[in-house]
Amino acid sequence: MTSLPKQAPAKRLGLVIDLDTCVGCHACAVSCKEWNTTGYHAPLPDADPYGKDVDGVWLNRVHGYETGAEGNGRTVYFPRSCLHCEEAPCVTVCPTGASYKRTEDGIVLVDEDICIGCKLCSWACPYGAREFDSDGGVMKKCTLCIDRIYNENLEEVDRQPACVNACPAKARHFGDFNDPHSKVSELTAARGGVELLPEMGLKPTNRYLPPRPSAKVGDGASLKDAAAGAGGFLGWIDRALSR
Amino acid sequence: MQPAYSVIFLTTATGAGYGLLALLGVLRAMDRLPDERAFGLLALGLAVALISAGLLASAAHLGRPERAWRAFSQWRSSWLSREGVLAVAGYGPAALFAFAWLVLQRNDGLWPLAGLAAAALSMVTVYSTAMIYRSLAAIPRWHHPLVPWVYLILALATGALWLNAVLAPFVSDPVGHALARAICFAAVAAAWLLKIAYWRAIDGAAGGSSTASATGLAGIAGGAPVRPLDPPHVQDNYLLKEMGFAIARKHAAKLRRLTHLMAFLVPLVLVLVQTVSAGPVSLLAAALAAVSVSFGVVVERWLFFAEAQHKVMLYYGADSI
């Protein structure tokens, strides 16, 4: 059923991604690929993986951006994956019921046994969260590692998405946004977590923590003309060099 | 957006077919068409062939065409599903309409209702096709209130010109079927005006989103642009191939001129030629007008895809969409 759940899901599972600590190592993307290509779904395809025209399905992509004014530029690494929107347009456009949002935890999934591969859901998503599997003829997307987070065969510490487990910078956090005391809720509140493309009103679940403000270039010590009578080591150097 | 040939064929062929079927249904109900079986067979056959070929082509772009039947289930939320349901439902009244005309040769009592029902379902189907695009907020140039109107009026215009072409050999008097030509004129002129209004609207529209709002970096950007630095992958992925198609402004301008010419100007002139000429010249003008509008509408539909920008490109270097 591709109508969105009428009642708000009991849980709102999702990710918090800390753009301050992400180092852009792609470990989340690689471990996502590894888990989801060997998990219970059909593999994530790779066309010509060792050739000239590499083209494969990845559910997580790590972009790098630069921004800021001159002298105060920033480089930010930005992992991009499904945000499990409350008003998911990828769900309502689906003609078959393959694309759906779970009522129990809000996870957006594709039933690969029903998907006809019309690609309309990927057109509807402004975040580019869905990639088409041309081998299987069906759409692929982040499952929030649903086959890990509820998997009792795994140690409890491992029952979180592969990308969260893999992150060496601890920039990714998984939890329930409906619980105000969960780590994801507390981090979002403390760090001013933002939603992406808020103007579209899709109410994405995942939140991104903006980079903390950095020190400005020139804020540190410098050897300019010291004020007359300045003390300390730099004052002495200034006096010595000014002779 | 990458222009998908199967979808371009689907929307233009079904548009012409449904436009033709709708006009046949209404005009026969008004008793303004020749009653001959040969004309009915040719006109209805053409309409049903265009519709069916278009619908079959739409299956060609599916990853799993054998599961296409599942698309009839989600009409409560999905315009694509509604299009499928309405397209199949439309065959019912169309079959009754054809039966009354071609087999029974009747157009009295309740029989005209079959044609009118086929006409109504045709227009609603074209509308739902357009709404598939209109409903996608991620593609602002499709998410525009004029889009369904352009689809509807272009379907009527192409349908009218094909009706006019098929009708021409069956109308012997030199003035011919003035009503069909009047409909052609009105529909093509209205479509032209609407398309111009649509192009003006999308050309002037400011982008609603930026890379800063797409990445949540507006705070640290402090008004400075957010520029891509390290790409996430070194070769085009599905997103870039499907959504990253871009057309140079000069090519788009040329193709728009071609649309003005083939979809609108040439058909209008040829219908005029048809009106003032007789015999083979008149027949040829009517046929060429139909061919010209069909070609023009294919170019128009190709541009509809090629000029549409998808918001995901904000992550890949577009600054405002």
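Here are some questions and answers on a predicted model with chains A and B.

Q: How many residues does the contact take from chain A and from chain B?
A: Let's start with who touches whom in this predicted model. Chain B puts 59 residues into the contact.

Q: What area is buried between chain A and chain B?
A: Carbon and sulfur atoms account for 59% of the buried area. The total for chain A and chain B together comes to about 4,700 Å².

Q: How many residue pairs are in polar contact across the interface of chain A and chain B?
A: Salt bridges are one part of the picture, with 2 found across this interface. For polar contacts, both residues have to be at pLDDT 80 or more, and the tally is 31 residue pairs.

Q: Which element gives the most to the side of chain A that touches chain B?
A: Several elements of chain A give two or more residues here, including strand S5 (74–81), helix H3 (120–124) and strand S8 (131–133). Strand S4 (60–67) is on that list too. With 7 residues, the top contributor is S4(A).

Q: How many nonpolar residues does the side of chain A that touches chain B have?
A: Sorting that side by class gives 13 charged residues and 16 polar ones. The nonpolar class comes to 32 residues.

Q: In what order do the strands run in the open sheet that holds S1(B)?
A: S4(A) pairs with S5(A) in the antiparallel sense over 8 bridges, and 2 bridges join S4(A) to strand S1 (residues 227–228) of chain B, also antiparallel. S5 of chain A and S1 of chain B each pair on one side only, making them the edge strands. The order is therefore S5(A)-S4(A)-S1(B).

Q: Which residue stands opposite Tyr65(A) in S1(B)?
A: Within this sheet you can go down to single residues: Arg61(A), for instance, has Arg80(A) as its bridge partner in S5(A). Across the chain boundary, Tyr65(A) faces a residue of S1(B), and that residue is Pro228(B).

Q: At what angle does helix H1 of chain A run to S4(A)?
A: Helix H1 covers residues 27–38 of chain A. H1 lies across both S4 and S5 of chain A. Relative to S4(A), the helix runs at about 165°.

Q: How many residues apart in sequence are the parts that Asp20(A) and Arg74(A) tie together?
A: The side chains of Asp20(A) and Arg74(A) meet in a salt bridge at 4.0 Å, N to O. Asp20(A) lies in the loop between strand S1 (13–18) and H1 of chain A, while Arg74(A) lies in strand S5 of chain A, so the parts this pair links are 54 residues apart.

Q: Which helix of chain A packs on the sheet, touching S1, S10 and S11?
A: This open sheet has the order S10-S1-S11 (chain A), with mixed pairing. S1(A) and S10(A) run antiparallel and are joined by 5 bridges, and Leu15(A) stands opposite Phe174(A) in S10(A). The helix packed on the sheet spans residues 183–191 and makes about 115° with the direction of S10(A): it is helix H6.

Q: How many helices and strands does the secondary structure of chain B come to?
A: Read along the sequence, chain B goes α-α-α-α-α-α-α-α-β-α-α-α. Its C-alpha trace spans about 75 × 45 × 30 Å along the principal axes. The count for chain B is 11 helices and 1 strand.

Conventions. Residues are numbered from 1 along each chain as its sequence is written. Chains are lettered from A and ligands numbered from 1 in the order in which they are written. This is a predicted model: local features need pLDDT of at least 70, side-chain atom pairs count only at pLDDT 80 or more; totals for chains, interfaces and linings use all residues. Side-chain values use heavy atoms; hydrogens and water are left out. Contact means heavy atoms within 4.5 Å. Buried area is the accessible area (1.4 Å probe) that two parts lose on being put together, summed over both. A polar contact is a pair of N or O atoms within 3.5 Å; within protein, one must be able to donate a hydrogen and the other to accept it, and residues adjacent in sequence count only if both atoms are side-chain atoms. Helices (H or I, at least four residues) and strands (E, at least two) are DSSP runs, numbered from the N terminus. Ala, Val, Leu, Ile, Met, Phe, Trp, Tyr, Cys and Pro count as nonpolar, Asp, Glu, Lys and Arg as charged, and the others, Gly among them, as polar. Axes are lines fitted to C-alpha atoms, for helices over the stretch in contact, and angles run from 0 to 180 degrees between N-to-C directions.
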